[in-house]
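Reader: I have just opened my first protein model, and I would like to learn how to read it. Could you take me through it feature by feature?

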Amino acid sequence: MPELARFFGIAIRMFAEPHSRHNRPHFHAYYQGYVAVYAIDRIELLAGSLPRPQQRMVEAWTEIHSGELVNDWERLQGGQPPFRIDPLR
């Protein structure tokens, strides 16, 4: 699963299933022992959890980079590698 960004100890990754529909566009956020899955379109927590401060950072980052996330989703599902996305600063 390619890593798209890393900031404040949080790794953002996205699965690739070329040429098949892999659920709703989403990504996985990893922080220490926590894992959370977020939808891109409505910035919605789909599964898992993060501590509240990290959850807020991931949500803010997603809002800033939603267009890039959709682009990377489409690239991965089309069999192409994703682009790195700037971290939250």
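Author: Gladly! Let us begin with contacts, meaning heavy atoms within 4.5 Å. Among contacts between residues at least 6 apart in sequence, 40% join residues at least 24 apart. Before going on, note that this is a predicted model, where local features need pLDDT of at least 70, side-chain atom pairs count only at pLDDT 80 or more, and totals for chains, interfaces and linings use all residues. Residues are numbered from 1 along each chain as its sequence is written, and side-chain values use heavy atoms, with hydrogens and water left out.

Reader: How does the radius of gyration agree with that of a compact globule?

Author: The radius is taken over C-alpha atoms, and the globule rule is 2.2 Å times the number of residues to the power 0.38. For 89 residues the rule gives a value near 12 Å, and the chain has 12 Å, so the two agree. The C-alpha trace spans about 35 × 25 × 25 Å along its principal axes.

Reader: How much of the chain is buried?

Author: Buried means under 20% relative accessible area, exposed means over 50%, and partly exposed is in between (1.4 Å probe, protein chains only). Buried residues make up 38% of the 89 residues. As for the surface, the chain exposes about 5,000 Å², with carbon and sulfur atoms supplying 51% of it. Those areas come from the Shrake-Rupley method with a 1.4 Å probe; for residues, only the protein chains shown count as cover.

Reader: Which residues have the most contacts inside the largest nonpolar core?

Author: A nonpolar core is a set of buried Ala, Val, Leu, Ile, Met, Phe, Trp, Tyr and Cys residues joined through side-chain atoms within 4.5 Å. The largest one has 21 residues, and Phe7, Ile12, Phe27, Val58 and Trp61 have the most contacts inside it. Two or more residues come from each of strand S1 (3–7), strand S2 (10–13), strand S3 (26–31), strand S4 (34–39) and H1. H1 gives the most, with six residues. Leaving aside residues up to four places away in sequence, the contacts of Trp61 include Ala5, Phe7, Ile12, Phe27 and Leu69.

Reader: Is Gln54 buried or exposed?

Author: Gln54, in helix H1 (residues 52–77), is buried because its relative accessible area is 10%. Its side chain makes a polar contact of 3.3 Å with that of Tyr31. A polar contact is a pair of N or O atoms within 3.5 Å; within protein, one must be able to donate a hydrogen and the other to accept it, and residues adjacent in sequence count only if both atoms are side-chain atoms. Not counting residues up to four places away in sequence, Gln54 touches Ile10 and Tyr31.

Reader: What about charged side chains, and how many salt bridges are there?

Author: Side chains of opposite charge can pair when their charged atoms come close. A salt bridge is a side-chain nitrogen of Lys or Arg within 4 Å of a carboxyl oxygen of Asp or Glu. The count here is five. Arg24 pairs with Asp41, their closest N and O atoms being 3.0 Å apart. This pair links distant parts of the chain, from the loop between S2 and S3 to the loop between S4 and strand S5 (44–48), 17 residues apart. Arg24 also meets Glu44 in a salt bridge (2.9 Å, N to O). Glu44 lies in strand S5, 20 residues apart from Arg24. Through shared partners, salt bridges join Glu3, Arg6, Arg13 and Arg84 into one network.

Reader: Which loop holds Phe8, and what is its phi?

Author: Most residues other than glycine have a negative phi, and most peptide bonds are trans. Phe8, in the loop between S1 and S2, has a positive phi of about 50° although it is not a glycine. Ile43, in the loop between S4 and S5, also has a positive phi, near 45°. Ile43 is partly exposed, at a relative accessible area of 25%.

How values were computed. Helices (H or I, at least four residues) and strands (E, at least two) are DSSP runs, numbered from the N terminus.
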